[in-house]
Amino acid sequence: EDKICQSGTYILDVVGELSYGIAPISVSVEVDGSEWQILSSTPNESMLRFQHAGVAHGEDLYVFGGALYDKTYSNELLVAHVQDEIKDMPEAELTWQVVPTQGAVPSPRYAHSAVVNNDTMYIFGGQRSLYAFSEVYSFHFPSSIWSFISPSSSAAPSPRFDHTAVLTDNGMIVFGGRNSSTKFLGDMWLFNFDSHEWTELAASTVAGARFGHSASVPPGTTQMYIFGGYSDVGLSNQLFMCETTTGECADYSYGCSSNRVMLTFVPESLTPRFGHTSAADSEFVYFYGGTNLTNPVGFHELHKFSYNNCIWDSANIDGESSGRYDHVSWLTKNGFYVQGGKSTGEYRQETLFLPIC
């Protein structure tokens, strides 16, 4: 049963509460319950970007960095405020605004990662001009201050980009990616937010070396679900479950139990891909977008995996296709948001919204 919201008028309060000196804006969105909604259609060159990073904090969505339409790279932090209320309000455009910041701002980059722990965002890795990064930076939301974090351990992950980073109770888990010599990486590391110490959980796993994959940890669990990407044997639509406390992984591509192998377990429409995103809630892991190098539009389906029941499903979404790859996405209490990326080889600036109840 799809978890798509009922029709109605959703009011999204845009730009927020954090004293950035930006006047609040409200956006009225008519939702038919089964179609992607475009929340920003007015041309905005600053949002034409791909391989950026996105996080949610409170009721604010943030975007950091990325490769821009003019072939430069960004180290801007942008914000949009989205709060779901049912009201009758005039329509308006969802607007992204640059956040004024202080401190040790990370250099421009793309294909990096970002996670949020309490009131702090952590940036790791990325690339610019064939140089891969390995530093960790933090951004404190209440003070708008960036800080460079010097690791307390001698061991640390090598420079990388096109990796994944997820939040767990123990800290930030970094997996895979590639380096400036295009070597695929398959190691898994834990960064402790309190001690600033890196710990290698696994030099390699059954997931192998890969980049452009997605990774998500459902809330309240220690299980990380890795899907797809480009591996050393080509494009993948494999699913792996990794225990973040130990770094041990299991191949779920043919089912969740080695005693019950299902050759058609992964949906036929969930073809091998990279450049997609995933997000998890208390029931499902959602997978959206990506490309297989021959699909110039980007995949538009939203698939979901019930990790408690080990069942795949897809949301039946009507209307115009909204394929994307190398975008960012957020899963909030309102629904699923997508911003930027590419489609048909062109940079996209729109923010898309799909209500999920």
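Which residue in β15 does threonine 120 stand opposite? I looked that up before anything else, keeping in mind that this is a predicted model. Threonine 120 faces histidine 140 in β15.

**Entry 1: around β15**

I then listed the pairings of β15. Strand β12, residues 120-124, is joined to β15 by 5 bridges, and the two run antiparallel. On to β16, residues 145-149: 5 bridges join β15 to β16, again antiparallel. Histidine 140 turns up here too, with isoleucine 145 as its bridge partner in β16.

I checked how β15 gets to β16. The two form a hairpin with 4 residues between them. Serine 144 sits in that turn and has a positive phi of about 60°.

Is β15 mostly enclosed or open? I went through residues 136-140 and found 4 of the 5 buried, so the strand is largely enclosed by the rest of the structure.

**Entry 2: the sheet as a whole**

Where does a parallel pairing come in? I found one between β10 and β16, which are joined by 2 bridges. Glycine 103 has tryptophan 146 of β16 as its bridge partner.

**Entry 3: aromatic rings**

I ran the ring search over the whole structure and got 32 aromatic pairs. I picked out phenylalanine 265 with phenylalanine 305, an edge-to-face pair at 6.1 Å centre to centre with 85° between the planes. This pair links distant parts of the chain, 40 residues apart. Phenylalanine 265 is in the loop between β25 (249-251) and β26 (274-280), while phenylalanine 305 belongs to strand β28, residues 302-306. Both of these phenylalanines are buried.

Which geometry does phenylalanine 305 have with tryptophan 312? I got a tilted pair, 5.0 Å centre to centre and 45° between the planes. Tryptophan 312 is buried, as is phenylalanine 305.

I wrote down the cluster these rings belong to: Tyr225, Phe227, Tyr252, Phe265, Phe287, Phe305, Tyr307 and Trp312 form one aromatic cluster.

**Entry 4: arginines over rings**

I also looked for charges sitting over rings. Arginine 109 lies over the face of phenylalanine 133, 3.9 Å from the ring centre. Arginine 178 lies over the face of phenylalanine 211, at 4.0 Å from the ring centre.

**Entry 5: a nonpolar patch**

Which residues make the nonpolar surface patch of about 360 Å²? I noted Tyr254, Val261 and Leu263. Valine 261 is placed in the loop between β25 and β26, and that loop also holds phenylalanine 265. Why does valine 261 count as exposed? I have its relative accessibility at 57%, and the cut-off for exposed is over 50%. Phenylalanine 265, by contrast, is buried.

I moved on to the β30-β31 hairpin. Strand β30 (residues 328-331) and strand β31 (residues 335-339) run antiparallel, joined by 4 bridges. The hairpin connects them through 3 residues. Leucine 331 stands opposite phenylalanine 336 in β31.

Then I looked at serine 343, which is in strand β32, residues 342-343. At 7% relative accessibility, serine 343 counts as buried.

**Entry 6: positive phi**

Last, I checked backbone angles. Aspartate 162 has a positive phi of about 60° although it is not a glycine. Aspartate 162 is in the loop between β16 and β17 (164-168). Buried or exposed? Aspartate 162 is buried, with a relative accessible area of 11%.

I found a positive phi at leucine 293 as well, near 80°, and leucine 293 is not a glycine either. This leucine lies in the loop between β27 (284-291) and β28. Leucine 293 is exposed, with a relative accessible area of 58%, whereas aspartate 162 is buried.

Conventions. Residues numbered from 1 in each chain as written. Predicted model: local features only at pLDDT ≥ 70, side-chain atom pairs only at ≥ 80, totals over all residues. Heavy atoms only, no water. Buried < 20%, exposed > 50% of the residue type's maximum accessible area, 1.4 Å probe, protein only. Pairing = 2+ DSSP bridges. Phe/Tyr/Trp six-rings, centres within 6.5 Å; stacked < 30°, edge-to-face > 60°. Lys NZ or Arg CZ within 6 Å of the ring centre and 35° of its normal. Patch = residues over 30% accessible without salt bridge, like charges linked within 9 Å, V, L, I, M, F, W, Y side chains within 5 Å. Areas by Shrake-Rupley, 256 points an atom, 1.4 Å probe, with all protein chains shown as cover. Salt bridge = Lys/Arg side-chain N within 4 Å of Asp/Glu carboxyl O.
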